[in-house]
Amino acid sequence: MAHPAWNEDTGGAVYRSRDPICNLRIRVCLQRVTSTSLLLQQLQQPSCQPGQQLISLATLGSHNTASGYRPEEEEEEAVIGWQEKLFSQFEVDLYQNESACQSPLDRQYHQDILKLEKSGGRKNYRIFTYTDHDRFTNMEEHCKRMTTSAQEAPSYLAERMANVRRRRQERKPMEGSVFKSRIVTWNPSEEFIKNNHVINTPVQTMYIMADLGPQDKPGHGDCEHVLCTIRVDSNGVITVKPDFTGTKGAYRIELEGEKRELWKYTLENASAVVQREEEEREQRVFKDLYSRHKEYLQGLVGSDFEMTLPGSLRLFINGEIVSAQGYEYNNLYIHFFLELPSRWSCPPSQQLSGVTQTCATRVIGKERVAFFSFPFTLEVFFTQEDELEGSLPQWPVLYFEVLSLDFWQRYRVEGYGFVMLPTTPGTHTVTVSTWRPVELGTVSELRRFFIGGSPELEDLTYTRVPSTFQGDRLSRFGFRTETTGSVTFRLNCLQQSKAFLESSSMKKRMQSVLDRLGGFSQQGSLYSVLEAFQRARRRMQEARESLPQDLISTSTAQL
């Protein structure tokens with residue numbers, strides 16, 4: 001029977017398993033095919049007589065006893081478990097001497113070898129293993145190449161990362177721990193880098209090896225060859241390189257030297273197959289476990305969904321002050337607060353104001369930009385009143401001021417602005433231009449430049465309509481300002497109300513104020529149109545009341 005073609009695909013394969021990794025078993029079959037020296041001996045013999053068969057592979061194999069190899073030495077099979085240690089002849093010779101044992105692992109291996117000697121010696125001859133704690137694993141990961149080229153020169157990053165090993169880090173977070181005072185280490189030491197630059201996913205490694213040296217001289221490190229590498233991480237991902245042979249051909253190893261011996265080996269998954277009854281029982285256990293975990297989570301969250309009161313609207317905003325650009329001075333920070341109109345409220349724990357960190361600017365294009373990335377959260381409620389159901393409510397406004405503080409503690413106002421919170425749910429990116437008040441003459445600007453300080457607003461709501469204003473018309477005539485930069489906000493808005501649920505169930509549009517606040521796409525334009533319509537209607541009613549009664553009756557009679 002002809003042998004199948006060699007398997008040239010030595011790439012790795014990735015598997016995922018929920019079973020404990022200790023159940024993994026791999027069957028390795030190693031066999032010598034032939035040697036070049038034996039082939040030359042056969043070719044140097046006299047030519048075959050007529051009718052004689054050609055040289056067969058069996059003739060070149062184990063049946064030829066002239067080479068001194070016995071059949072049992074030409075083939076070896078071993079079933080290896082996960083992290084199972086099989087000693088090589090070199091390790092047996094090394095660890096037999098107790099004086100050569102330096103580490104606790106070496107002394108443990110010394111005891112294991114003594115037990116093997118008492119039990120009749122090791123059962124394996126050429127196949128052995130290196131576990132996760134052996135020196136070979138450290139050296140292999142340290143000297144790992146990125147390409148197959150023999151002239152590959154390791155880069156600076158590869159040399160630095162060679163000392164970083166992915167191992168199990170049994171680090172449990174301490175409850176009640178506080179942040180370190182030194183968040184950034186400016187001059188890290190080599191030991192600090194090795195201890196902290198650890199890949200998050202811990203990995204364990206195991207190597208299945210073969211000693212392909214001469215029969216009379218086993219235990220040479222140059223004759224050790226890697227048959228298979230198995231890596232397992234904490235997520236149950238198993239990487240096998242090369243992959244299990246299965247129906248594919250065997251892998252081959254061609255040795256260097258005069259003989260150029262050829263070996264082949266196969267890899268099979270010899271793990272015990274789960275019986276159908278055990279698999280069904282395991283599925284029932286997992287199902288029961290998942291149901292208990294689901295009940296536990298439901299107990300933490302609660303069965304009742306938190307709903308707003310009838311006739312109220314809940315507005316939740318996850319906001320971010322992204323950046324500020326176009327300002328004159330460096331080291332900017334922003335002070336902001338939210339103004340709640342009538343019929344709006346917030347929880348007692350809600351903070352309606354805040355201050356960002358001081359941010360240095362950098363030049364991008366032709367402008368100086370300060371990236372804050374400052375997050376904030378707002379949660380407010382609107383309550384509808386029956387007597388005001390026909391009126392349009394006012395929407396909350398976010399006021400802010402941009403300030404600067406330099407190295408000499410000189411404080412300056414860079415600009416004022418406000419943001420009307422979006423009336424529709426979703427993500428909104430808003431860029432607001434700002435201004436600052438100025439005085440006539442150069443004295444104010446000189447004072448601002450040399451000692452800091454500038455004209456300020458006593459009430460930030462003056463950037464829009466002051467909260468204390470009670471009149472019909474607001475005049476800012478004579479108030480001098482100067483355009484400065486702009487601030488970019490990113491707002492993620494959520495709205496919750498029982499009116500939305502009733503609207504979706506009744507399949508009709510509501511006519512209350514909450515419906516107009518609900519987030520229809522035309523809300524922005526409808527708000528301004530309806531407000532203008534109400535103003536025009538009031539003016540028309542006032543004009544109609546001022547007309548004489550006989551004129552009104554005459555026009556009515558003509559119609």
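Leu297 is partly exposed, with a relative accessible area of 39%, and this residue of the predicted model lies in helix H8, which spans residues 276–301. Together with Tyr296, Leu300 and Val301, Leu297 forms a nonpolar patch on the surface, for which the accessible area amounts to about 450 Å².

**Salt bridges**

- The structure holds 12 salt bridges, one of which joins Glu280 to Arg276, with the closest N and O atoms 3.4 Å apart.
- Glu280 and Arg276 are four residues apart in helix H8, and are therefore separated by about one helical turn; Glu280 is partly exposed at 33% relative accessible area, whereas Arg276 counts as exposed at 61%.
- Glu379 and Arg314 meet through their side chains in a salt bridge of 2.6 Å, N to O, and this pair links distant parts of the chain, since Glu379 belongs to strand E15 (residues 367–383) and Arg314 to strand E10 (residues 312–325), 65 residues apart.
- Both Glu379 and Arg314 are buried.
- A further salt bridge, at 2.5 Å from N to O, brings together the side chains of Asp406 and Arg410; Asp406 is buried at 16% relative accessible area, while Arg410, at 22%, counts as partly exposed.

**Cavities**

- The lining of the largest cavity consists of Leu24, Ile26, Ile80, Gly81, Trp82, Met206, Ile208 and Ile230, with strand E3 (75–81) and strand E5 (203–211) being the elements that give two or more residues to it.
- By class, this lining of the largest cavity has seven nonpolar residues, one polar residue and no charged residues.

Technical notes:
Residues numbered from 1 in each chain as written. Predicted model: local features only at pLDDT ≥ 70, side-chain atom pairs only at ≥ 80, totals over all residues. Heavy atoms only, no water. Patch = residues over 30% accessible without salt bridge, like charges linked within 9 Å, V, L, I, M, F, W, Y side chains within 5 Å. Areas by Shrake-Rupley, 256 points an atom, 1.4 Å probe, with all protein chains shown as cover. Salt bridge = Lys/Arg side-chain N within 4 Å of Asp/Glu carboxyl O. Buried < 20%, exposed > 50% of the residue type's maximum accessible area, 1.4 Å probe, protein only. 1 Å grid on protein atoms, 1.4 Å probe; cavity = no way out; pocket = protein on both sides within 12 Å on 5 of 7 lines; lining within 4 Å. Nonpolar A, V, L, I, M, F, W, Y, C, P; charged D, E, K, R; others polar.
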